[in-house]
Protein chains: 4
Amino acid sequence: MIKVGIVGGTGYTGVELLRLLAVHPQVQLQVITSRADAGTPVSQMFPSLRGYVDLVFTHPDQAHLEQCDLVFFATPNGIAMHQARALLDAGVRLIDLAADFRIKDITVWEKWYGMTHACPDLVSEAVYGLPEVNRDKIRQARLVANPGCYPTAVQLGFIPLLEAGVIEDASLIADAKSGVSGAGRKAEMHILLAEAGDNFKAYGVAGHRHLPEISQGLTLAVGKPVGLTFVPHLLPMIRGIHATLYGRLKKDVDLQALFEQRYANEAFVDVLPAGSMPETRSVRGSNHCRIAVHRPQGGDTVVVLSVIDNLVKGAAGQAVQNMNIMFGLPEATALGIVPLLP
Amino acid sequence: MIKVGIVGGTGYTGVELLRLLAVHPQVQLQVITSRADAGTPVSQMFPSLRGYVDLVFTHPDQAHLEQCDLVFFATPNGIAMHQARALLDAGVRLIDLAADFRIKDITVWEKWYGMTHACPDLVSEAVYGLPEVNRDKIRQARLVANPGCYPTAVQLGFIPLLEAGVIEDASLIADAKSGVSGAGRKAEMHILLAEAGDNFKAYGVAGHRHLPEISQGLTLAVGKPVGLTFVPHLLPMIRGIHATLYGRLKKDVDLQALFEQRYANEAFVDVLPAGSMPETRSVRGSNHCRIAVHRPQGGDTVVVLSVIDNLVKGAAGQAVQNMNIMFGLPEATALGIVPLLP
Amino acid sequence: MIKVGIVGGTGYTGVELLRLLAVHPQVQLQVITSRADAGTPVSQMFPSLRGYVDLVFTHPDQAHLEQCDLVFFATPNGIAMHQARALLDAGVRLIDLAADFRIKDITVWEKWYGMTHACPDLVSEAVYGLPEVNRDKIRQARLVANPGCYPTAVQLGFIPLLEAGVIEDASLIADAKSGVSGAGRKAEMHILLAEAGDNFKAYGVAGHRHLPEISQGLTLAVGKPVGLTFVPHLLPMIRGIHATLYGRLKKDVDLQALFEQRYANEAFVDVLPAGSMPETRSVRGSNHCRIAVHRPQGGDTVVVLSVIDNLVKGAAGQAVQNMNIMFGLPEATALGIVPLLP
Amino acid sequence: MIKVGIVGGTGYTGVELLRLLAVHPQVQLQVITSRADAGTPVSQMFPSLRGYVDLVFTHPDQAHLEQCDLVFFATPNGIAMHQARALLDAGVRLIDLAADFRIKDITVWEKWYGMTHACPDLVSEAVYGLPEVNRDKIRQARLVANPGCYPTAVQLGFIPLLEAGVIEDASLIADAKSGVSGAGRKAEMHILLAEAGDNFKAYGVAGHRHLPEISQGLTLAVGKPVGLTFVPHLLPMIRGIHATLYGRLKKDVDLQALFEQRYANEAFVDVLPAGSMPETRSVRGSNHCRIAVHRPQGGDTVVVLSVIDNLVKGAAGQAVQNMNIMFGLPEATALGIVPLLP
C-alpha cells in the first residue's frame, strides 16, 4: 500500500483526489491537511464522501507528511515550493498539482506568477507530468509537476501535428473554453452562479498563466519556439474543457492516421473517428482526453477539437495516473471510471 | 457470470444500466436491443462508453433474450408486460424499470396508464423492488417491478414515520422536484434547454402517475389507506430528485433516532446528522438516498428532506441492487461509486 | 420629475433599480452611492447599462441625499435605520428594500436580525409596501418598507384564502424555491456556479428571516396568529421564485372565482385560468406575480402556485410600483416590461 | 400606425418579435399565423405575453396578409420564397428572418439549403438587412433579407478590419459560440436540457449554412473573395452569441480607434474600451452588439470579441430595426430595452 498525504484538501482538486483515491486498491489515505478547517471531518465538508473517507482535516503543523510515500500538493501556487525540499530529503515523492514546478525558465515563471521562486534547482529536477510525452521520466521522478488543465487539452491536441512537422508553428491559435470549476473553490464574485451562469465571455486575452506553460510544451515538441495565441473563455457549466485548435497545414498528410498512430498506445487519449465532434460530457468524471481532427472544406486550415474533464485529466486524474506510473502500478488503476452521461 | 440482456437501451435508464454493468465483475453483457437503432454500435450513440461497451444494438427479433439469466426492461410503459411471460417460461428472471408491474390494483393501473394490462396474474407475482422494504421477497423473485424515481425518494422518507405511527396519515404532503432526465430521452418541446433551462414550474398537479404507486407503498407501510397530496416540479438541471415531505406529528418522539434505527443496516440509505439539509449533488451518480428529518420551530409539523439520483437509486442503480440481491451477490457490488462533486 | 437617490447601488437590487429607473419618464436619477466603488462609473461595473446610465458611484458622505425627493435604500439590513430620520426630517421620502422597517414587533425583529433597532418609532410609522394590501397607506407614506421576495410570493398566494376564511390557518405550509440572485451579489462559496449549479437543496429549515415577515402579513389577513411552516430551497438558476402553498380547506368554495375576484383590479397580479401551472420564466424581468389555484383529486387540500421575479416584484419593481403610488403616477409607469422568454 | 403581420409566430423569433412589437408605439399587430396552432390564443402558448398580446393564431389561408403594410416571415427556410411575390405585388413590404433571400448566388444557396429557389429574381432585388452596412438601401427596400445570427456577430467584428485592409483576408478564423435558442423551438434530441445542458461541443465543422452568408458579406467588405474557417459551438445556455475572431495583421494601426470610428454613429454597435472582454449577458434581451478588439502580447494576431443576443440583434431586434428604417421612424424605436442583468 502506498501511504498518501494530501496538502490542501478543501479545494476542487483536493476533493477530486479524494474521490479517486478513496477507491484506489493500492492507496492508504494517511493524512489530508487544511489550515482553516483542521478538526473538521472531510465528509462533513463534502457529504458526497460519506462512507468513503473517514479522515479529519489535520493542521499542516501536525501532519507528519514525512511518513508518507507520496504527497500530493493541491494547494494554491507558491506553497509547494516551500515544502518540497524537506519532504524530498525525507524520502517522500511529490506531485504538485499547482504551477510551482511546471515552467523551467525561472524568469518566465517569476514574471507570470509574481513571486520569487524558492527552489529553482528543484524546478530543474522536476518532471513535467504529461505521461503521453514524459512517461519514462515520470517513472523515476521524485518530483512531478502535474500539468495545468488548459495545457493538457491544448498540448495533446497540437503535439501530433507539431511532432510531425505538418503545420506552421509561428501562428498557432488555441481557442479554449472551461467550466467554472477550473477557477477553483474560492469565494469570488465573477464565478457566482448569478454572474457566470447563463453567460459566456473570454478572459485573460492579454495574457493567461497557462500561455507560457503551453508554449514551453509546444516548443519542446517542435524543437524551436512557436508562436501561439491563446484565448480562454468561461463556460456556464461546472466541469469540462473544450479546446478548439487552429493551425495552417504545410504538408498534405492523412491527419486521421497521424493522430491515431501517435496515440495508439495511450489508454487515456481517445482519437475519435473522422468527422466526430467530441462533447465535454463524454469525459465527465473520467480521465480521458477525446480528440477529433478536421480539415474544413479541404482547405489548408486544420482544426483540432480536444476535450477533457478539467478536474480529472486536467488535474487529479492525471496526478493519480502519474502516481501509478511512479509506483509501477498499472497506469489505469482506479481510473476505470465510466463517464457520467447524461 | 450472470448473462444479462437489456431491452430498450437507448434511453437514459438504458445508458445508465450500461454505465453500471460495464464494470460489474459478475456480469456478462450479452445483448442490448433497439428497434430503431439496430446495427449501431452502442459507443457511437454514447461516446462516453467508448472503451467500455463493445456491443452493437440488436433488433429485438434477433436478440435471443431467452439465453440470458436476467433481462432488464428499460422500455416505455406497456412493453415488458407483452414479453414477460415467454421469458419467464424460458427460465429468465426479469427486472422491469418501467411501470408495468408496479401497481397491484389492475383497475388503478389501467386508469392511470390508459391501457389494458396484458398479464394481471404476473402483476400479482411481481415483487416491488424496494430493497429497504422487500429484500427477502426480492431474493426469490422471478419478476421484479423496479420502483419509480419519485416513489423511491418519497417512500424512503415517509416510511419510518408511518411504520412507527407517529404522523397523521390522512394529510401527507410530498412536494417533489426532479431534474429533467426523469422525463426520459425523448424529443419533446417542454424539456428543451431553451424551455426548461433557467426556469421552474410544477406539473401534474391534478394527478401524476407516481401518485398511485406512492400511495400503494405508504398504505402498505401504515396498514390502511393514506391521504397524500403529491406535487412534482421540474428542476432546471439534469440529474437529481429532492423530495420535501410534510406530516403532522401525533406523538412526541426522537425523530432522528427513529430514522437512524430504521436504516441502520441499509447500505444505500444515509440518515444525515440532525440539522442537515442534503443536496442533490451529494448523490450525483451514486445509488445513495440521503435523508434528513426536521421539526421546524419545535412545532407539530415534521419535515423530511430526501434526495436521490433519479437515474441511479431512482432507476438503474436500484435495478442493479435488485439484481445483486436476486443472484446472491453482495448487495453493493458495482455500486461503490463515489458521487461526482462538484 | 422626481429627483431620486439610490443608496448602495452595487448589489442586484441596485442594478435592477437602475434598469427600471433609467427609462422611467418621470424620474431624474440624481445620485447613487457606494462606499467601496466611489468614483467608478456605474456602466463600468455594469456594462449592460452603457448608454442608459451616465452616473458615477458617489461616496455616501458626498451624496447630498437630502436634495432628493425620494431615496431608495438597496443596502444590507441595518443601514437604512441609521439614516432614515435625518432624511425624513429633510423632507425626503424613503423606500427601504432591506428589512429594517418590515416587522412591527421590535423584539421579533431584533431576535431574527441580531441587532438593536435604531429607531423603533419609525417602524411604527413605516408602511409595509405591498400595494395589493396597503395601497392607500402607501400613497401617503413618508417611509415604505418594501417587502421581501419570499414574503411577496407567499402572501399574494395565501391572502385570498385567508381573507375569505376558507382554509385552516393553524397549519399552513409554504414550500418555496428561489433562484440564487435572491442571495445577493456577494462573494460567498455556497452560491458559486460550481456549488449551486446543477444542484438543489433546502436551506434555513430551522428558521429563515422571512418567516416572521410572512407570518405578520398572514396574521393581519386573517385577524389572528397563524401557524406556518416555511421551507425555502435554492434553485440552480438566477432569477425567479416559485412558492407552492398548501392549506386545508374548511369550506367548499369556488377557488378560481375567489382568486379572480380578489385580484380583479390588480395590474400586477395575474390569476391564471383553472388548471394552469405558472413558470418562473413567464415573469422573468417583469413586475408580475402569476398565480394558479388547484384542488388535487378534489380533496380537501388546496394548492396555490405563485411565481414572481425575485428582483422585480420581489424587490426593485415593487419599489418602483410603490414610488409610482407615492407620487401619484399611474401605478404601472415604467413597469410595462414584457417578460423575457425564452 | 404600421399594420404588421407575422407569418409563423410559434418559434423563438416569432415570440421575440411579439415581445418587441407589443410595445412598439407605431405598430398595430394585425395578424399572426400558425398552421398547427390556428385558433389558439397567443398568450396561451406564451403566458409571458398575457396582457400584452390579445391575438389568436390564424390559419395562413385566412390571414389576409395583403392588408398589412409589412409582413415578417419568422418561418423555416423555404417558406417565404413561395409567398413573397404575391405579397409584394399587393404592395406589402417584407422582412424575411429566414435565409431565403440572404445569398445572392443562387447556386450556392441551393447547394447549402438543398432546395430549388422559387424566385431568383427577388433574391437580386432583396436587400441584406445589416443596417451598419446597408442602411440606405434598406430605407427603400420592398424586401429585406434579415441576416442570420452568427453572420451578424461575425461580420460586425471583421468589417472594420477588412474595410480598412489591415488584416490578411485569406485565412480568417471565426470561432463562434451560441446559446441553444439559436437552434429554434423544435423538438429535437440534441437540444434537450439533459443533452445540451452542462455540456459543450463544436458542430457543423465540416460546413455550416452560415458560412457562405458570412463569406459573402466579408467578400463585399474587402472587394475580393476571402478565406474563412468558421467553427460554431453550442453553449449550455439559452440566449447569446459570442464570436471570437482571429486575423493576421499586415499593417500597424490603432485598432481601437479604427473600431470606434467605424461605429461612431451606430446606435446598436458599442465598441468597448480597450482591454474589455464583453459578456453575452451584457446584451441579454437588447439589440446591441458589443465589440472589443485585442492584440495579445503585441503580436501580429488581432483578436476581436463580438457579442449579441441571437434572438434580438441576431434576429427579431434587427428585423424591427430594419422596419424602423424602412418606415422612416427613429431607428431605435421600441428597441430601447435595457439588458437584463443578472
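Colleague: How should I read the way chain B superposes on chain C?

Modeller: Two copies of a chain are related by a rotation about an axis and a shift along it. In this predicted model, chain B is superposed on chain C by a rotation of 180 degrees with 0.0 Å of shift along the axis, at an RMSD of 0.0 Å. That is the relation of a two-fold axis.

Colleague: Which C-alpha in chain B is nearest the axis?

Modeller: That of Pro236(B), 3.3 Å from the axis. The two copies also use the same surface, since 100% of the contact residues of chain B recur in chain C.

Colleague: How many residues does that contact take from each chain, and which elements of chain B give two or more?

Modeller: The contact takes 41 residues from chain B and 41 residues from chain C. On the chain B side, the elements giving two or more residues are strands S7 (172-178), S8 (201-202), S9 (228-234), S10 (241-248) and S13 (301-308), together with helix H8 (193-196). S10(B) gives the most, with four residues. By residue class, this side of chain B divides into 19 nonpolar, 14 polar and eight charged.

Colleague: And what rotation superposes chain B on chain A?

Modeller: Here too the rotation is 180 degrees, with 0.0 Å of shift along its axis and an RMSD of 0.0 Å. The copies meet through the same surface, because 100% of the interface residues of chain B are also interface residues in chain A. This contact takes 26 residues from chain B and 26 residues from chain A. Helix H1 (residues 12-21) of chain B supplies the largest share of the chain B side, three residues. That side divides into 15 nonpolar, six polar and five charged residues.

Colleague: Take Ala74(C) as a case. Is Ala74(C) buried or exposed?

Modeller: Ala74(C) counts as buried because it has 29 C-beta neighbours inside 10 Å, where 20 or more is the cut-off. This residue is in the loop between strand S3 (70-73) and helix H3 (80-89) of chain C. Not counting residues up to four places away in sequence, Ala74(C) touches Ile6(C), Val7(C), Gly8(C) and Leu97(C), among others.

Colleague: What does Ala194(C) contact?

Modeller: Ala194(C) lies in helix H8 (residues 193-196) of chain C and counts as buried, with 27 C-beta neighbours inside 10 Å. Setting aside neighbours within four places in sequence, Ala194(C) is in contact with Val180(A), Ser181(A), Arg185(A), Ile191(A), Ile238(A) and Pro342(B). Pro342(B) itself is in the segment after helix H11 (312-326) of chain B.

Colleague: Which backbone details deserve a look?

Modeller: Most residues other than glycine have a negative phi, and most peptide bonds are trans. The bond from Leu341(B) to Pro342(B) is cis, with omega near 0 degrees, and a cis bond also joins Leu341(D) and Pro342(D). Ala334(C), though not a glycine, has a positive phi of about 65 degrees; it counts as buried, with 21 C-beta neighbours inside 10 Å. Gln297(D) has a positive phi of about 55 degrees in the loop between strands S12 (289-294) and S13 (301-308) of chain D. Gln297(D) counts as partly exposed, with 15 C-beta neighbours inside 10 Å.

Colleague: What pLDDT does chain A average?

Modeller: Where pLDDT is low, the predicted coordinates should not be read in detail. Chain A averages a pLDDT of 97, and 100% of the residues score at least 70. The model scores ipTM 0.97 and pTM 0.98.

Technical notes:
Residues are numbered from 1 along each chain as its sequence is written. Chains are lettered from A and ligands numbered from 1 in the order in which they are written. This is a predicted model: local features need pLDDT of at least 70, side-chain atom pairs count only at pLDDT 80 or more; totals for chains, interfaces and linings use all residues. Copies are superposed by least squares on the C-alpha atoms of residues with pLDDT of at least 70 in both. Two residues are in contact if their C-beta atoms, placed from the backbone, lie within 7 Å. Ala, Val, Leu, Ile, Met, Phe, Trp, Tyr, Cys and Pro count as nonpolar, Asp, Glu, Lys and Arg as charged, and the others, Gly among them, as polar. A residue is buried if 20 or more other C-beta atoms lie within 10 Å of its own, exposed if 12 or fewer, and partly exposed in between; C-beta atoms are placed from the backbone. pLDDT is the predictor's confidence in each residue, from 0 to 100.
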